[in-house]
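I opened the model to look up a few local points and to write them down in order. My notes follow the structure below.

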Amino acid sequence: MSRTASVSRKTNETSVSVTVNIDGTGTSTISTGVGFFDHMLDQLSRHSLIDMEIKTEGDLHVDDHHTVEDTGIAIGQAIAKALGDRRGITRYASLDLAMDETMTRAAVDVSGRPFLVWNVDFSAPKIGTFDTELVREFFNALAQHAGITLHIQNIYGVNNHHISETCFKAVARVLRTATEIDPRQAGRVPSTKGSLA
């Protein structure tokens, strides 16, 4: 079974196209017009082993908000589409991820029920020209449209770039584990209800 999907989304604010391969090798082609965001999405692809092709054209003359949020929506939709009924997946994962002085924890339930718990604070409003509040906006859009319960907690850290990067890397790693096929599931939906929704 091929777990790949493509999604296109067009509004008056953005035009987004995303293709994902859940069973990839973490290769990506990413262009959003926002350099720091491209760097974070590359980390998401690389460490989840989900291949991603992402092309976003947004109203960057306004700010980065619509570009970041709508890209998160499209990635979430593509992941949900690629997973289908989520039959055979591991479903749950959690991880503490260290990067230099920073430690961030992520936990996920690929449940079909969207929810974000966000316990991350930044000490500055920007990383370069990128608004730090948009990190939460991205993960909220991703969780809502992928149909996942996602908890992210920065345990400690000083450098805001590192805090953001550990969020993306930690989420990548838990997505990798939770979406992997569990051979002991024998193709079953991992829920006593018989469906994930």
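**Notebook: helices and their contacts**

I began just past helix H2, where Gly 84 takes a positive phi of about 60°. This is a predicted model, in which local features need pLDDT of at least 70 and side-chain atom pairs count only at pLDDT 80 or more, while totals for chains, interfaces and linings use all residues. Residues are numbered from 1 along each chain as its sequence is written, and side-chain values use heavy atoms, with hydrogens and water left out.

I then looked at H2 itself (residues 65-83), whose 19 residues reach 27 Å from the first C-alpha to the last, close to the 27 Å expected at 1.5 Å a residue. I noted that 15 of its 19 residues are buried (under 20% relative accessible area, with a 1.4 Å probe and protein chains only).

Next I looked up Gln 43, which lies in helix H1 (residues 35-48). Gln 43 counts as buried because its relative accessibility is 11%. Leaving aside residues up to four places away in sequence, Gln 43 touches Glu 165, Lys 169 and Ala 172 (contact means heavy atoms within 4.5 Å).

Last, I checked how helix H3 (residues 133-146) packs with helix H4 (residues 160-179), and found an angle of about 15° with the axes 11 Å apart. That makes H3 roughly parallel to H4 (angles under 35 degrees count as such). I recorded that Val 135, Phe 138, Phe 139 and Leu 142 of H3 meet Ser 164, Cys 167, Phe 168 and Val 171 of H4. These contact residues divide into seven nonpolar, one polar and no charged.

How values were computed. Axes are lines fitted to C-alpha atoms, for helices over the stretch in contact, and angles run from 0 to 180 degrees between N-to-C directions. Helices (H or I, at least four residues) and strands (E, at least two) are DSSP runs, numbered from the N terminus. Angles under 35 degrees count as roughly parallel, over 145 as roughly antiparallel, 65 to 115 as roughly perpendicular and the rest as oblique. Ala, Val, Leu, Ile, Met, Phe, Trp, Tyr, Cys and Pro count as nonpolar, Asp, Glu, Lys and Arg as charged, and the others, Gly among them, as polar. The expected span of a helix is 1.5 Å times one less than its number of residues. Buried means under 20% relative accessible area, exposed over 50%, partly exposed in between (1.4 Å probe, protein chains only).
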